[in-house]
Structure formats: structure tokens, C-alpha cells
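This briefing is arranged by topic for use beside the sequence and the model.

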Amino acid sequence: MRLSRYFLPVLKETPAEAQIVSHRLMLRAGMIKQASAGIYSWLPLGYKVLRNIERIVHEEQQRAGHIPLLMPTLQSADLWRESGRYDDYGEEMLRIKDRHGRDMLYGPTNEELITDIFRSHVGSYKDLPLTLYHIQWKFRDEVRPRFGVMRGREFLMKDGYNFDIDYDSAMHAYNRHMVSYLRTYERMGLQAIPMRADSGPIGGEDTHEFLVLADTGESEVFYDSAITDLKFGDRKVDYDNRDECAAIVKEWTAPYARTDETHDEAKFSEIPEARRKSSRGIEVGQIFYFGTKYSDPMGAMVTNDQGHKVPVHMGSHGIGVSRLLGAIIEASHDDKGIIWPEGVTPFHVGIVNLKQGDPEADVACENIYDALSAKGLEPLYDDRDERAGAKFATMDLIGLPWRITVGPRGLKNGVVELTARRTGESEELTPEVAVSRVAEIYSGI
Ligand code: 5CA
């Protein structure tokens, strides 16, 4: 993409309404625009990152054997009356009437709708286990929408639902989700710690939230610092292997880690004092096991191997897709702007032409652009007729992890500069080597 043809409405001023750094930077970098309280338009740069996050979520869900589908945002109130949640859900639910006076709602979550799909089509234990998921917009009329996409009213969520014949298989689904989430967040450059939590309106006993540690987080968390040393890395996991998934879950749940809702001071005090930590955290996902809470009242039954009809065991598993943009920026920025992890960056590399209009510099930039594109990479070429300082400031603000700087002086010596956004370190390389270096960096991602 050439910047002169792109739509990147960066702001010079720091927006007064934004209280936290991620919200400020998303507005300044022209990623989002508020449409109304807690509701945002995703401008091209923000939309690109949102799509990248979605892609990683899809890949990791499907790696774990979960099947994508798409359910609507608008739902009939009747299904929610069946589960008993229509009245319970309260003011957070946006209730709508259609022209026939029928009660509809903008889905805050999809347990009812997916249970209805399941009961219409599945009747035997032979069709289990089954996990279906989608990535779809949700609406929750939050009392205090704030911090930009972090606590929106309309937000994008991945929500997945497992259907299993009994408790043990449902717990395997729970574990499988925890394992796949660990991998998902790491690919986004985040450390998200599973913490025992409270289930709220979704219900059930077993639930973990995934929290990214950050001062601006809305949750208060308590943990053993030993958990922050754990890395998922590139281990190969057989997601059908119950013992293997259970062992990984054990590894991550052995150190104490809880949100304030389930915090136990007595247990916490058993940890050596130097490792006892409390901080703030951003909740980027939550997994639940709730057994037959929905299948029972809604009649989602299957025939078991004894020929008896039994309600299926279910759980639901959410990832805050749009919130993740905020969480990643909170975890990865400096005073100049965003620093995208390679896994989610909107463009792989920026090209800065120090002297637009200089024939040699222009040709060199075009060649680098073509060579990067030929390797399947997406560069953002700043071809505007701007001062070098302004070009650098824009690149730093929007946070591309790598930058290639091209100028007549370097070209006289046959070199361009490759700069890492995170460290600010630069290397002088020939254009060919700079291109292959960038390709190499992204080859494992
Ligand atoms: N049905 C279950 C799991 S599929 C569910 O709704 N879980 S949840 O309520 O925990 O939401 C899942 C994730 O969505 C949360 O962990 C959080 O990351 C994100 N989320 C929840 N509310 C908001 C909000 N108002 N704005 C942005 N993200 C949100």
C-alpha cells in the first residue's frame, strides 16, 4: 500500500476524551472513530489489525478441531424465555421489537441460539463430541462503556460452544480450549494468564478468565509470579489426547492465580512472599463449563450408548476479539506510539523515502516494494512529499515493527537502513539483504 493512496487519518492532538494509552493511540493512529457511546467504526488500519486477530483465532480454533459457523446478531426473545435468561439478563440486553410487535434482542452471547441449532440436528452420542464457534458482534448495554474498544457496547467476540456426552468429555473440551487459548494469545505477542474466576450471568462452576497484566486493567488479580515464567512456545499438541491437554492445564493452573472474585487470602499467603503479586489485569477471554444448564430446559438431548435420552454437557468459551487490540497496545507501546507484535501488525514493514522525487530514491523504493510484495509481504510505503521527521513520526505512531529507510546518501554507498521499532536499532544493508532479512523474520510467523 502506498500511503499517498491510503486512508490513514492520524490525529496530531491527543484526544481529550481518551483516558488510557491504548484508546489515545488508537484514535491518534486513525484506527477507530467513535460512532456513539461504546460503538466504533473501524477505520482501515484498525480493521486490518482486527482481521489479523480474527485470523489467528480462526487458525487456532480449527487447529483444536473446532468448527466455524455464523449465527446472526439479532435473536428472538422466545429462545431466551426457554432458558429463563430473558428476564434475568437485565438492562445490559438491548431489546428490540420488530414491525409485528415480536420481541427481539441484539445478542449479548449465543448459548440459546447454538443450543437450538444443536437440538434441531443432533440426536445421537455418535455425533459427539462437537464444538462449534463463530466470531460475531455482540451488544451489551454496559453502564459505563469506556476505554475505547476495551469496554464497548458493541464488540467482536469469538464464542465457542462444546457439546459432550458426559462430564469427562466436557472437561476435555474445557482443557482443549484452555490449551488453544494459551497458544492463541502467545501468537499475538501476549502473555494471558488463566485465572480462576466467577461465572456471572453465563453460569456454571468451572470457569477461568485469561488476563493480560496491565495497570489500566479493570480487574484486580492475585498470582504467584512463577506463572509468568511459563511459555507455551511451539510445542506440538494432540488436541484429541485428553492426558496431554490435562497435563498442560495442570502446568498452568498449579501456580496460584485468581481474580478478586475468587481470591483466597489463606491460600495466597502459603506462597513465598517474594512471589506473591497483586496487580491489575485486562480480561481477554473466559472459558466456562456449565453442564446441562441450557440443554436441560431447552431439551437438547441425545441418545447415549445404552439407548437412553440424556441432556448434553456444555460449556462456552469466549475471546474478546476487539478488546484484544486495546490489550495488545497496553502491553506494547512507548511514548512515540504503538509497537505491533509481528503476528498482528497491519503492515509487515514500512518503507520511508527520505527524498521523494529523487529519481534514484524513488526507484529504489519501488524495487523494494515490489520485492517485498513478491515474497508475500505487505509493505506500507510512505511516498508522500513530507519531511523525513514527519514520516518517521507517523511510522512510529502506527507501530509497524520494521522500517526500511531509503535516502540518496545511503544509496550512494549501495545501502538502506533496516530499523526495529521495538529497540530503535538500525542496520545498514543492501536493499536485497534488507528485503530477505524482513522475509526471514516473518517466515516463522
Ligand atoms: N458466552 C460466554 C463465552 S462464549 C461469554 O459471553 N463470555 S464473556 O462474557 O466472558 O465474554 C467473553 C469475552 O468477551 C470477555 O472475556 C471479554 O474479553 C470480551 N468482552 C466482554 N464484554 C466486553 C465489552 N463490553 N467490550 C469488549 N469486550 C468484551
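Two strands pair if DSSP finds at least two bridges between them. Helices (H or I, at least four residues) and strands (E, at least two) are DSSP runs, numbered from the N terminus. The model is predicted, so local features need pLDDT of at least 70 and side-chain atom pairs count only at pLDDT 80 or more, while totals for chains, interfaces and linings use all residues. Residues are numbered from 1 along each chain as its sequence is written, and side-chain values use heavy atoms, with hydrogens and water left out.

**Sheets**

- Strands of a sheet pair through backbone hydrogen bonds, either parallel or antiparallel.
- An open sheet of three strands has the order S4-S6-S5, and its pairing is antiparallel.
- Strand S4 (74-76) and strand S5 (94-97) are the edge strands of this sheet, each pairing on one side only.
- The twist in this sheet averages 35° from one strand to the next; axes are lines fitted to C-alpha atoms, for helices over the stretch in contact, and angles run from 0 to 180 degrees between N-to-C directions.
- S5 and strand S6 (residues 103-106) run antiparallel and are joined by four bridges, and Lys 97 stands opposite Asp 103 in S6.
- A five-strand open sheet has the order S20-S19-S21-S22-S23, with mixed pairing.
- Strand S20 (379-382) and strand S23 (426-429) each have a single partner strand, so one side of each is left without a neighbour in the sheet.
- Strand S19 (residues 349-353) and S20 run parallel, joined by four bridges; Val 349 has Pro 379 in S20 as its bridge partner.

**Pockets**

- On a 1 Å grid over the protein atoms alone, a pocket is an open set of points with protein on both sides within 12 Å along at least five of seven lines, a cavity is a set where a 1.4 Å probe fits but cannot get out, and lining residues have an atom within 4 Å of a point.
- The largest pocket has a volume of about 830 Å³, where a volume is the space filled by probe spheres set on the points, and grid points are joined across faces, edges and corners.
- Of the 41 residues lining the largest pocket, Arg 140, Arg 151, Glu 283, Gln 286 and Arg 323 lie nearest its centre.
- Strand S13 (276-291) gives the most to that lining, with seven residues.
- The lining of the largest pocket has twelve nonpolar, 16 polar and 13 charged residues; Ala, Val, Leu, Ile, Met, Phe, Trp, Tyr, Cys and Pro count as nonpolar, Asp, Glu, Lys and Arg as charged, and the others, Gly among them, as polar.
- The second largest pocket holds about 380 Å³ of space, and its lining has six nonpolar, six polar and six charged residues.

**Cavity**

- The structure holds one cavity of 30 Å³ or more, and about 60 Å³ of space lies in the largest cavity.
- Its lining includes Trp 42, Trp 137, Glu 154 and Ser 322.

**Cysteines and Pro 359**

- A search of the whole structure finds zero disulfides (pairs of cysteine sulfur atoms within 2.5 Å).
- Cys 245 is buried at 0% relative accessibility, and Cys 365 is likewise buried at 0%.
- Pro 359 lies in helix H11 (residues 359-374) and is exposed, with a relative accessible area of 60%.
- Buried means under 20% relative accessible area, exposed over 50%, and partly exposed in between (1.4 Å probe, protein chains only).
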